[in-house]
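Hi,

Here is the structure I said I would pass on. Have a look at it first, and then read on for what turned up.

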Amino acid sequence: MTDTTVSFKTYSRPSKKVVASGVVAGAAVGAWAASKMRSAPQTSSDQQSDHRLIDWEQARSIAINMNRAASLTSVERQRLDAYYRELVDKAIPVVERYVGISLPHSAVSTHAFDRVDWINANIDAFREMLAPFEALAQDESKKNAASQVLAGLNRRVVSLEVGVLLGYLSRRVLGQYDIALLGREQIDGGKLYYVEPNIRHIERSLDLPMDDFRMWLALHETTHVFEFEGFPWVRPYFNGMLEEYFAYLKEDAALLGQGLKNLKIFVERARTGEARSSWIEHLMNEKQRELFNRMQTMMSVIEGYSNHVMNAVGRELLADYEPISRKFEYRQAHRSQAELFFAKLTGLDVKMEQYRLGEKFIDAIAERRGHDFAVRVWDGPEMLPTPEELRSPELWIQRVDRSNEGALAAS
């Protein structure tokens with residue numbers, strides 16, 4: 001699911017849970033006010049559809065209309081599907097040797113996308129994530145304050161916001177590993193998407209070598225396949241946290257839907273909480289914040305480990321590794337004010353920090369104790385770092401050493 005501007009720290013997979021939570025928080029806070037502001041008469045058609053929180057076809061249309069020009073022909077798509085499949089086939093044994101595990105059969109399929117393809121592939125995932133809120137807004141039978149207020153939300157405005165957000169993100173994503181989460185059935189493994197118009201844009205604007213650049217992308221995204229498919233506990237553990245997280249969000253939406261008086265709860269959370277890295281955290285209670293931090297820490301390890309592998313094997317595999325790395329780092333350090341503002345507004349700055357912290361954590365452990373020690377982070381959920389350990393890798397090393405000593409003593 002799961003980043004967005006100019007390097008693997010920001011130009012990969014946007015975190016749909018972070019973006020979706022930002023949309024939900026904004027929509028829920030605005031629900032009461034929007035219900036009071038509406039004064040225009042409604043048609044019967046409006047009344048029939050107003051019980052949905054978001055008009056997903058409207059959102060899809062807005063996002064697609066922002067990106068129609070960057071399309072692939074069927075011939076291009078067929079050729080690029082084969083090209084990216086070949087890159088992934090080359091990347092798998094390289095990553096396999098470094099990580100030290102094998103992938104299960106048919107663990108991934110590979111697809112070349114244009115921006116409209118990406119929108120269509122991701123809008124259903126967003127709809128599934130927001131389904132609990134849709135159900136709350138549609139449940140007229142209860143006739144409670146929550147359903148009435150959410151039903152009164154300005155659906156057109158929220159649909160416009162979601163559509164513009166998806167349209168914007170579709171211009172930023174280079175690669176994505178899409179896995180089945182939140183109840184979606186997994187049949188033949190995950191799917192790797194490569195958004196060709198965006199890849200071409202970065203390749204040309206940074207003057208990058210075509211094949212080496214795309215191979216670098218393939219190394220990063222293929223490592224995600226190993227993380228989610230090669231370590232059996234990762235997917236169900238992460239999925240369980242997502243389900244718990246969205247259950248909390250549903251509770252908060254219901255509170256806000258009951259009226260203005262419950263806004264005091266969130267004002268008090270923001271007033272009494274400590275300084276946080278994200279505005280989203282200011283609206284959480286302690287249980288929600290603890291879960292959010294665990295999720296962010298795991299995502300940091302996922303993204304940071306992929307960057308570590310990409311860099312470790314890329315140095316040996318790619319002749320143009322150094323120029324690619326240098327240009328990406330420069331571009332990362334010179335993002336526009338508009339990009340910085342959008343990242344802060346949507347919570348994507350949290351995602352950017354995940355790359356930086358996670359990569360620094362894995363690199364530090366590999367440098368001090370070797371990759372065989374660092375890969376133990378995938379031994380099980382108990383081996384994931386705490387937020388404190390993520391920022392101080394030596395604490396994680398010490399904990400693992402104590403665990404090893406205890407196991408030896410017991411034997």
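Of the 411 residues in the protein chain, 56% are buried. Keep in mind that this is a predicted model. As for secondary structure, you'll find 20 helices and three strands in the chain.

Let's start with the strands. They form an open sheet in the order β1-β3-β2, and the pairing is mixed. The edges are β1 (108-113) and β2 (175-178), each of which pairs on one side only. On average, neighbouring strands here are turned by 20 degrees against each other, if you ignore direction.

Now for the two pairings, one at a time. As a reminder, strands of a sheet pair through backbone hydrogen bonds, either parallel or antiparallel. β1 runs parallel to β3 (residues 190-195), with six bridges between them; one spot to look at is Ala 112, whose bridge partner in β3 is Tyr 194. β2 and β3, on the other hand, are antiparallel and share four bridges. There, Tyr 177 sits opposite Leu 192 of β3.

While you are looking at β2, check which way its residues point. Gly 175 and Tyr 177 go one way, Gln 176 and Asp 178 go the other, and all of them are buried.

Helix α9 (residues 196-205) lies across β1 and β3, and runs at about 45 degrees to β3.

Is Tyr 305 buried or exposed? With a relative accessible area of 1%, Tyr 305 falls under the 20% cut-off, so it counts as buried. Leaving out residues up to four places away in sequence, Tyr 305 touches Val 99, Thr 223, Glu 227, Ser 300, Ile 362, His 371, Val 375 and Trp 378. Take Glu 227 from that list: Tyr 305 and Glu 227 are 78 residues apart in sequence, yet their C-alpha atoms are 8.8 Å apart in space.

That's the tour. Have a click around and tell me what you think.

Cheers

How values were computed:
Residues numbered from 1 in each chain as written. Predicted model: local features only at pLDDT ≥ 70, side-chain atom pairs only at ≥ 80, totals over all residues. Heavy atoms only, no water. Pairing = 2+ DSSP bridges. Helix = DSSP H or I, 4+ residues; strand = E, 2+ residues; numbered from the N terminus. Axes fitted to C-alpha atoms, helices over the stretch in contact; angles between N-to-C directions. Contact = heavy atoms within 4.5 Å. Buried < 20%, exposed > 50% of the residue type's maximum accessible area, 1.4 Å probe, protein only.
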